[in-house]
Amino acid sequence: MAKQNPPLPPAEGTAAAPTVARDPFRAVLVGIYRLSNSVEQANEYLDELIFLAKTAGIAATKTYSIKLDRPQAATFLGTGKVAEIAAEAERLGCGTVIFDDDLTPTQVRNLEKGLGAVVVDRSGLILQIFRENARTAQAKAQVELARLEYQLPRLTRMWSHLSRERGGIGLKGAGEQEIETDRRIIREQIARLRKELQHIEKQTLTRRKQRDRVVRVALVGYTNVGKSTLLNLLAKAEVLAENKLFATLDTTVRKVVLEHVPFLLSDTVGFIRKLPHGLIESFKSTLDEVREADILLHVVDISSPHYIEQINVVSATLADLKVAEKPTVMVFNKLDALVDDDIEDIRASWMAMVHHPAVFISATRREGIDELRALLVRLVREQYTTKYPGLAAYEDAQAWEHLAAELPTEPVTD
């Protein structure tokens, strides 16, 4: 893996001088769990933080899992724990300390003084991953908008880094004048990006209106559960599918025809626990693909020991988007990673619990795909005949083929 940009450096004068060379791609990870959380949940949160760091190209050299219900206003952690982590970071040559919670600008400044390393919180880490993975103009603008809005209240430590990024602008000292100059520049960039996104969203809306006559199906789920692999399988497409978090940021739409029945299938950005609010706001247009879908395929990594909590995270996000009542199919993926007895137990328990249709598949081994296809055909036909009464006459294969021929054949990436 090529190394990505290192985390943002501390402001001048804030970090203690290290006695050994610090590598910004080596990090101490600090997982936080509440008194109400179990040990299993604490381990799950820490595993996810390690995976996030790995996705950003950062090695988790040392990890802490700290029980904390009331963070300190000034330093988040107590002074004794800060000193302990600082000593470990220095001993191991770690240039970065990553927290699994969001920190205030004051906490970041004070922690960098106490730790002698760059401090990155959860939102900052996720934003960095999104920035690396954005491909289309819309995704890049969305991520940049969220990043700038995240940076704005943190300029007291970032101003020197920002001035280097701008290149031609030379600022002499870390004073109020320089900070205000940066704030003005960032506000101007935010305003420009919002206008740019409005223009892109108008174009996207036009494309969606052209697809109004066609039933739309959206893949949703926790990040890295196999949505892109399933899209490739159903649509015979070649969308990037990697074993890392947020490999897909750009909404990809593909035409699918099953048993002469056409529909549009979209792959959207994956959800995650404590997804930064700024990213949800910035990706509003992308998430509109979920809001406007007729059917949702909620893909679940059944092999994950934490799949139940992941389902709850996705369900809560869908409720926030006000789409929880849409027709939904639970697609339990990665059966190939389980033994047969576990599969039958899980199948029996979930078929008794869920109110949505459920199928159990392995996208990589193509197991259960015929059952999923048959279910999709039935649900899509129902949508055509109930949601679009004008299309109720499409009852024979020749008529469905005529409708399918009217759809654009080229892939669409919003």
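Two strands pair if DSSP finds at least two bridges between them. The model shown in these views is predicted.

**View 1. Strand β5 and its two parallel neighbours.** Strand β5 covers residues 216-221. Arg216 has Leu264 of β7 as its bridge partner. Strand β8 (residues 295-301) is also parallel to β5, to which 5 bridges join it. Here Gly221 is partnered with Val299 of β8.

**View 2. Burial of strand β5.** Residues count as buried under 20% relative accessible area. By this criterion 6 of the 6 residues of β5 are buried, so the strand is largely enclosed by the rest of the structure. Arg216, Ala218 and Val220 point one way from β5, while Val217, Leu219 and Gly221 point the other way.

**View 3. The open four-stranded sheet.** The 4 strands follow the order β2-β1-β3-β4 with parallel pairing. From one strand to the next, the twist averages 25°.

**View 4. Helix α2 on the sheet.** Residues 79-92 form helix α2, which lies across β1 (23-33), β2 and β3. Relative to β2, helix α2 runs at about 170°.

**View 5. Strands β3 and β4 with helix α3.** Strand β3 (residues 94-99) and β4 run parallel and are joined by 3 bridges. One of the residues involved is Thr96, whose bridge partner in β4 is Val118. Helix α3 (residues 105-115) packs on the sheet and touches β3 and β4. The direction of helix α3 makes about 140° with that of β4.

Technical notes:
Residues are numbered from 1 along each chain as its sequence is written. This is a predicted model: local features need pLDDT of at least 70, side-chain atom pairs count only at pLDDT 80 or more; totals for chains, interfaces and linings use all residues. Side-chain values use heavy atoms; hydrogens and water are left out. Axes are lines fitted to C-alpha atoms, for helices over the stretch in contact, and angles run from 0 to 180 degrees between N-to-C directions. Contact means heavy atoms within 4.5 Å. Buried means under 20% relative accessible area, exposed over 50%, partly exposed in between (1.4 Å probe, protein chains only).
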